[in-house]
Amino acid sequence: MLNKYFSYSIFWDLLIAVVFTSAFFIMVYVCYVIIPREELLISIVTDISNIAFTSAGFVLTFLTLLVSFKISAKPIKKKKGNTLEDTYKKVSIFNLFLNSPLYVETIRHLKNGVKELLVIAILGFSIKLLAANIKIEVLFYFSIFGIVIISLVLWRSLLVLSGVLTVQDKSTD
């Protein structure tokens with residue numbers, strides 16, 4: 001299931017966020033949830049936008065570190081007479097990771113996460129800028145949507161980081 005999520009992470013993030021937002025729409029409609037005051041919602045939208053920008057910075061930092069490691073990693077070269085397995089035994093697991101398709105996938109997930117976070121941040125500040133012309137409900141539903149997207153992107157980035165750290169730990173054994 002996690003593989004399906006990672007294969008189409010942006011799609012799943014959007015779908016999950018829409019489901020959560022729709023659930024809150026229904027809860028507001030049946031009066032289980034009351035929409036907060038406009039001043040509070042504008043403050044929340046600002047907070048969500050700031051969190052999205054800050055989170056994008058953290059994910060970009062991790063992305064930069066991975067790219068830096070890749071640049072400094074030596075390419076894996078098979079020597080004549082050695083099998084591929086013998087060559088791999090002499091290389092650290094982390095170096096294998098940096099030279100594998102998994103590295104490319106990791107970079108793709110982190111880049112997509114940064115894109116999602118930046119879109120949420122820019123949308124949030126745009127909504128705040130136009131707050132006088134926007135209904136209070138839009139502020140509320142954007143807040144729900146933004147919180148879910150930010151949470152999913154950070155969760156996915158944490159999973160990627162955990163995987164990289166696991167590989168790095170194995171290479172020091």
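I began with the second largest pocket and sorted its lining by class, which gave 7 nonpolar, no polar and 1 charged residues. For this sorting I counted Ala, Val, Leu, Ile, Met, Phe, Trp, Tyr, Cys and Pro as nonpolar, Asp, Glu, Lys and Arg as charged, and the others, Gly among them, as polar. The model is a predicted one, in which local features need pLDDT of at least 70 and side-chain atom pairs count only at pLDDT 80 or more, while totals for chains, interfaces and linings use all residues. Residues are numbered from 1 along each chain as its sequence is written, and side-chain values use heavy atoms, with hydrogens and water left out.

**Entry on the pockets.** A pocket here is an open set of points on a 1 Å grid over the protein atoms alone, where a 1.4 Å probe fits and protein lies on both sides within 12 Å along at least five of seven lines; lining residues have an atom within 4 Å of a point. Volume is the space filled by probe spheres set on the points, which are joined across faces, edges and corners.

The second largest pocket holds about 160 Å³ of space, and I listed Met1, Leu2, Lys4, Tyr5, Trp12, Ile16, Leu152 and Trp155 as its lining. Two or more of these residues come from each of α1 (2–7), α2 (9–29) and α7, and α1 gives the most, with 3 residues. Helices are DSSP runs of H or I with at least four residues, numbered from the N terminus.

I then turned to the largest pocket, whose volume is about 230 Å³. Among its 11 lining residues, Leu102, Thr106, Leu159, Val160 and Gly163 are the closest to the centre. The elements that give two or more residues to this lining are α6 (101–129) and α7 (136–172), with the largest share, 5 residues, coming from α7. By class, the lining of the largest pocket has 7 nonpolar, 3 polar and 1 charged residues.

**Entry on the charge pairs.** How many salt bridges does a search of the whole structure find? I found 4, taking a salt bridge as a side-chain nitrogen of Lys or Arg within 4 Å of a carboxyl oxygen of Asp or Glu.

In one of them Asp13 pairs with Arg156, the closest N and O atoms being 2.6 Å apart. Because Asp13 lies in helix α2 and Arg156 in helix α7, the pair ties together parts that are 143 residues apart in sequence. Asp13 is buried, at 0% relative accessible area, and Arg156 is buried too, at 2%; buried means under 20%, exposed over 50%, and partly exposed in between, with a 1.4 Å probe and protein chains only.

Arg108 and Glu105 form another salt bridge, with closest N and O atoms 2.8 Å apart; they are 3 residues apart in helix α6, and therefore separated by about one helical turn. Arg108 is partly exposed at 29%, as is Glu105 at 34%. I also noted that salt bridges with shared partners join Asp13, Glu116 and Arg156 into one network.

For Arg37 and Glu39, the closest N and O atoms of the salt bridge are 3.4 Å apart, and both residues are exposed.

**Entry on the surface.** Last, I looked up Tyr29, which lies in helix α2 and is exposed, with a relative accessible area of 67%.
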